[in-house]
Every structure is written in C-alpha cells, then in structure tokens.
Amino acid sequence: MESSDDIRLIVKVAQLYYEQEMTQAQIARELGIYRTTISRLLKRGREQGIVTIAINYDYNENLWLEQQLKQRFGLREAVVATSDSLQEDDQLNLMGQHGAQLVDRLLEPGDIVGFSWGRAVRALVENLPQASQSRQAICVPIIGGPSGKLESRYHVNTLTYGAAAKLKAESHLADFPALLDNKLIRNGIMQSRHFKTIASYWDNLDIALVGIGSPAIRNGANWHAFYGSEESDDLNARHVAGDICSRFYNIDGAMVETAMSEKTLSIEIAKLKKARYSVGIAMGEEKYSGILGALNGNYINCLVTNRETAESLLK
C-alpha cells in the first residue's frame, strides 16, 4: 500500500513527465532524485491506475481487431484489411497489399521463404514491392504442384518464382506433384536428389506464406482442380475443417488422417510450426472453419484477413 507521500511523488513525477513533457533526466535534476527512481515511479503510477494511457482507435478501427486477434489466438502478427468494394477480387487485392507490406517488414537477409498455392497467396505475391537490390533470400515451394487442371497463375511454382523476381532472391521450384497415385510412388520421389534439396529448405524455413483451404469451397474451380470430387467426399466424411498445404485438420486444430495423407508431398505441419513466421492469408465465410482450425492448432502465428472474417473469428 502506497503512503500519501509516495502517491504525491508519483503524481508529481507523472505530471512533469506526461503533461510538461520533461525527460526523466530533467525530472531527476528538478526533484533531486535518481533517474532510475523516476522510471520506477512512472511504472508504479501505471500499475496502480494513477496514470492511464488510452489509444484512440477511431484513427484506425482495425487496430483494435488486430490486437484482439493477437490476444485471443496468441498470434505474433495480425493484419485486418477493410475494402469499400463488395467485389471479392478487390478485397483479395487489398488483403494482398497488406500481406505484402507485412512480409516486407518481417523479411531478414538470408531468410528462407516458403510458399503454398492459391488466390490469396497470389494476391500477396503480386503486391510485393520490387526490390532495388537483392534481399538475399531463398524462395521455395512448400508443396508440390497440382494433379488436376489448376490455372498456372495460382500454381505454387509460378508464385515462388514471381516472389523471387520481386525480391531479387534465389528460387527453387518443385518438379513433383503434391498428390501421388499411391504411397510407393511418393516414397520413390522422396528418395530423389531434387526432393531432398527442396525438403532441406523446409527443415530450415524462416517464413511461410500459406493459403488456407476448406471443404466448404469444394465446388470452387481451384479446389476441384487440385483435389477432385472423390477426395472431397472423403474429407467431408472425416469432418475436416480445413487444410494448409494439403495437411488436414478439424475445427479444434487436431490433425486428421485422410486417404491422401500417405500420398502427399508437402511440408509437414510440425516443420511449418517451427518457422519464425507462419503467415496465413485467407478470408470469407467459406474459409471460416479452415481459418479457425488453423488458429486453434497454432499452425499459423500470423494472420492476414478482412474485417468481416476477423469479426466472425472474435465472436
């Protein structure tokens, strides 16, 4: 319990520091006490509610949503984009702009950056700023290519190469599909020198940029091109909520073994979680269960989404 003299001193120090904008060194000279004591008194003032600091979120209402997402799901970073347009492509593009700014800030020289596929990841890659000099990064796919007829602009190799060109970075591409016909073929590819080279980058991944899938979009052209209707039926039967790099999980974030599990060539979730930043970029009601499952499983530690999805996740 603070004495009245202690409280009086705390109020005096706070008044000089916050209202008269004096430095801690100036206050120490003014009051004839140590600078370290000033710092300690200011801290005690905040802890006891003598000093309160309020942030006016009206200047950027999404900052509050971002902070709530970080606290609720233990995220390192959260970015919420708001678009006046109702067009999905416009919302994706704005989300991609925000995601690209985040990546530009997080990227460090020598980083290994991994990419998955899809529309949201494409939006991020297209909005990466053109580097004036090499960022000294290595860009790699963290999943193989599609087994169906996926448009080349969403292909993981297209996105990896495009990002490397923007960042003036080194790129390595995946010369193998994500889903094989059977386990034996997959195991054979895993013994190849090419696959081992790509997989070695997965072991040392610094930043992962991943889209988030959900069986709710099974009728979409991209999902159907990648998985096909037969695989989608199996996912629904197993109560799959979503996937990252064709690694499937339920709404609680628990991994779900499917008929595809032993035929898949992509980064393992355990390795994805070791990345310094695992950035999930996704939005929309149909992706809600996939995003929530990814957050519950701690498969991503950064989220880029839109305002409507952020509000749904916080309900």
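**Entry 1: Ile244 and the cores**

I began with Ile244 and listed its contacts, setting aside neighbours within four places in sequence: Val210, Gly211, Ile212, Tyr249, Ile269, Leu272, Ala294, Tyr299 and Ile300. Contact here means heavy atoms within 4.5 Å. The model is a predicted one, in which local features need pLDDT of at least 70 and side-chain atom pairs count only at pLDDT 80 or more, whereas totals for chains, interfaces and linings use all residues. I number residues from 1 along each chain as its sequence is written, and side-chain values use heavy atoms, with hydrogens and water left out.

I then asked which residues touch the most other members of the largest nonpolar core. They are Leu69, Ile142 and Ile244, in a core of 53 residues. Helix α9 (residues 193-202) is the greatest contributor to this core, giving five residues. For both I took a nonpolar core as a set of buried Ala, Val, Leu, Ile, Met, Phe, Trp, Tyr and Cys residues joined through side-chain atoms within 4.5 Å. Buried stands for under 20% relative accessible area, exposed for over 50%, and partly exposed for values in between (1.4 Å probe, protein chains only).

**Entry 2: helix α6**

I looked up the buried residues of helix α6 (residues 119-126) and found Ala120, Val121, Ala123, Leu124 and Val125. These buried residues pack against α5 (88-106), β2 (112-115), α7 (156-167), β5 (207-211) and β8 (277-281).

**Entry 3: the chain as a whole**

I recorded 13 helices and nine strands, where helices (H or I, at least four residues) and strands (E, at least two) are DSSP runs numbered from the N terminus. Of the 315 residues in the chain, 50% are buried. Among the contacts with a separation of 6 or more, 70% join residues 24 or more positions apart. Along the principal axes, the C-alpha atoms fill a box of roughly 80 × 40 × 35 Å.

**Entry 4: α4 against α13**

I examined the packing of helix α4 (residues 62-73) on helix α13 (residues 307-314): the angle is about 40° and the axes are 10 Å apart. This makes α4 oblique to α13. I fitted axes as lines to C-alpha atoms, for helices over the stretch in contact, with angles from 0 to 180 degrees between N-to-C directions. Angles under 35 degrees count as roughly parallel, over 145 as roughly antiparallel, 65 to 115 as roughly perpendicular and the rest as oblique.

From α4 the contact takes Asn62, Leu65, Gln68, Leu69, Arg72 and Phe73, and from α13 it takes Arg307, Ala310, Glu311, Leu313 and Leu314. I sorted these residues into six nonpolar, two polar and three charged. In that count Ala, Val, Leu, Ile, Met, Phe, Trp, Tyr, Cys and Pro are nonpolar, Asp, Glu, Lys and Arg are charged, and the others, Gly among them, are polar.

I followed Arg72, a residue of α4, on its own. Arg72 is partly exposed at 47% relative accessibility. Not counting residues up to four places away in sequence, Arg72 touches Leu313, Leu314 and Lys315. The C-alpha atoms of Arg72 and Leu313 lie 9.4 Å apart, across 241 residues of the chain.

**Entry 5: α1 against α3**

At what angle do α1 and α3 pack? I noted about 100° for helix α1 (residues 4-19) and helix α3 (residues 35-47), with axes 9 Å apart. This makes α1 roughly perpendicular to α3. In α1 the residues are Asp6, Leu9, Ile10, Val13, Ala14, Tyr17 and Tyr18, which meet Ile38, Leu41, Leu42, Arg44, Gly45 and Arg46 in α3. The contact divides into nine nonpolar, one polar and three charged residues.

**Entry 6: Met283**

I located Met283 in the loop between β8 and α12 (288-296). Met283 counts as buried, at 12% relative accessibility. Leaving aside neighbours within four places in sequence, Met283 is in contact with Glu88, Gln91, Leu92, Met95, Ile291, Thr305, Asn306 and Thr309. I also read a C-alpha separation of 12 Å between Met283 and Gly118, which are 165 residues apart along the chain.

**Entry 7: positive phi**

Most residues other than glycine have a negative phi. I noted Gln136, with a positive phi of about 55° although it is not a glycine. Gln136 sits in the loop between α6 and β3 (138-141) and is exposed, with a relative accessible area of 53%. I also noted Lys168, not a glycine, with a positive phi of about 50°. Lys168 is in the loop between α7 and β4 (170-171) and is partly exposed, with a relative accessible area of 40%.
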